[in-house]
Amino acid sequence: MTDVLLIAYLIALADGDIDTARYLADLAGDDAAVAALLEDEDYSESYTPDEHALLSEAARAGLTLTQVGTHPRTGKPIMRWVRQAASGGSTVKPDRATARGTATRLVRDGVETAAEAKLLADSLKQMSTADIDGLKREFQARTGGRLKQEKVDRLVAYARGRGSVVRTPAPAPPPVTPTTPTAASIEAAVMGEVSGLFKSPRSTGDLIKIADLRDAMAAKYGREAAGQNLDAALNRMDLAGVIRLVEIDDTSRATTDEISKAIRSSAGLTFYIRKGTQWTN
Amino acid sequence: MDELIAAILAVADDPAALDRLTDLADSDDVEVVADAEGATDAG
């Protein structure tokens, strides 16, 4: 069995195509049939010498004895009486020669882009089996054993419709957990939130509600930072004159939620914050 | 990617398979398929 037949036989077996494998095995004993199958097909008519001997004189007109290939096992030239295709001239069609040159270059130099991959595929579609086999041998010689065969197998399986694109889900971003400011940094965090609230539409003139600040701190730094730590930081900032805590007596216009988030002390209900004399933001 | 060339050559006799491979290359999913464990069993 020739190398080409053997490879085809093994591929058929690997594909589970038993009928094709049997056909190839039978073909192995028929050198003439193999040679005919592997020869180029650039001719409108092609006859073996035995067939040519049976033709009439009229039928022989225009036929030329031409080497159409090389026997895959013996290396001897394969001679056929052929009639050139209508375009005539070269024994190889120009577009096929171009395709072969393009494919050879791409296989030699490598495929870097999707466009080059498509160009290679399109070129192969125009080439003969013998040319493609030669290209495969050239490629194997270039790459040696460096190919990652499992990758090739997956791509071939995909191409044959036995695989699919299975994307590995991108790793989920780590959950954003609020970072509780340290005692040293909580005042800076509070200042940042207070400054933001003074600039927000929810600010009522020079006053912001402690409830709003507590909500903002809880959303950004977590419940702990919005609890007693916040109360302590506000008291320190009040003492330093950065802010002033404002108490209210009339809670009729406050919601239950706002009241619950204000600071209740023996002095009353500390509900608002305004800028202190040391305010610098 | 030499593995892509090898795959193209391996399916050179199958125009539909060639098109499927080149479509794959066009969508930049070649590495996804080549590297995906179990991808060949998923179809």
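## The two chains

How many helices and strands does the secondary structure of chain A come to? In this predicted model, chain A has 13 helices and 7 strands. Chain B is built from 3 helices and 0 strands, and its elements run α-α-α from the N terminus on.

The two chains can also be described by burial. Chain A has 281 residues, and 24% of them are buried. Chain B has 43 residues, of which 51% count as buried. Within chain A, take the contacts with a separation of 6 or more: 59% of them are between residues 24 or more positions apart.

## Where the chains meet

Let's look at the interface next. Here 31 residues of chain B are in contact with 34 residues of chain A. On the chain B side, α1 (2-10), α2 (15-26) and α3 (30-35) each supply at least two of the residues that touch chain A. That side of chain B divides into 22 nonpolar, 4 polar and 5 charged residues.

The axes of α7(A) and α2(B) come within 8 Å and cross at roughly 170°. An angle over 145 degrees counts as roughly antiparallel, and α7(A) and α2(B) are therefore roughly antiparallel to each other. From α7(A), the residues taking part are A:Ala114, A:Ala117, A:Lys118, A:Ala121, A:Leu124 and A:Lys125. They meet B:Pro15, B:Leu18, B:Leu21, B:Thr22, B:Ala25 and B:Asp26 in α2(B). The residues of this contact divide into 8 nonpolar, 1 polar and 3 charged.

## The nonpolar cores

Which residues touch the most other members of the largest nonpolar core? They are B:Ala7, B:Ile8, B:Val11 and B:Leu21, in a core of 34 residues. Both chains contribute: α6 (94-109), α7 (114-125), α8 (129-143) and α9 (149-159) of chain A, together with α1, α2 and α3 of chain B, each supply at least two residues. The helix that gives the most to this core is α1(B), with 7 residues. In soluble globular proteins, nonpolar side chains tend to be buried together.

Helix α8(A) has 15 residues, and its first and last C-alpha atoms are 21 Å apart, close to the 21 Å expected at 1.5 Å a residue. The buried residues in α8(A) are A:Asp131, A:Asp133, A:Leu135 and A:Phe139. After this helix comes A:Gly144, whose phi is positive, near 55°.

A:Asp131 also turns up as a partner of A:Arg100, a residue of helix α6 of chain A. Is A:Arg100 buried or exposed? It counts as buried because it has 20 C-beta neighbours inside 10 Å, and 20 or more is the cut-off for that label. Leaving aside neighbours within four places in sequence, A:Arg100 is in contact with A:Met127 and A:Asp131. The C-alpha atoms of A:Arg100 and A:Met127 are separated by 6.4 Å, although these residues are 27 residues apart along the chain.

Helix α11 (residues 210-221) of chain A has 12 residues and should span 16 Å at 1.5 Å a residue, which agrees with the 16 Å between its end C-alpha atoms. Its buried residues are A:Ile210, A:Asp212, A:Leu213, A:Arg214, A:Ala216, A:Met217 and A:Tyr221. A:Gly222 follows α11(A), and its phi is positive, near 100°.

A:Ala225 is found in the loop between α11 and α12 (228-240) of chain A. It counts as buried because 24 C-beta neighbours lie inside 10 Å. A:Ala225 and A:Ile186 are 39 residues apart in sequence, and their C-alpha atoms are 7.6 Å apart.

A:Ser185 belongs to helix α10 (residues 183-199) of chain A. With 14 C-beta neighbours inside 10 Å, A:Ser185 counts as partly exposed. Between A:Ser185 and A:Ala233 there are 9.8 Å in space, C-alpha to C-alpha, and these two are 48 residues apart in sequence.

Terms used:
Residues numbered from 1 in each chain as written. Chains lettered and ligands numbered in written order. Predicted model: local features only at pLDDT ≥ 70, side-chain atom pairs only at ≥ 80, totals over all residues. Helix = DSSP H or I, 4+ residues; strand = E, 2+ residues; numbered from the N terminus. Expected span 1.5 Å × (residues − 1). Buried ≥ 20, exposed ≤ 12 C-beta atoms within 10 Å, placed from the backbone. Contact = placed C-beta atoms within 7 Å. Nonpolar A, V, L, I, M, F, W, Y, C, P; charged D, E, K, R; others polar. Core = buried A, V, L, I, M, F, W, Y, C linked by C-beta atoms within 7 Å. Axes fitted to C-alpha atoms, helices over the stretch in contact; angles between N-to-C directions. Parallel < 35°, antiparallel > 145°, perpendicular 65-115°, else oblique.
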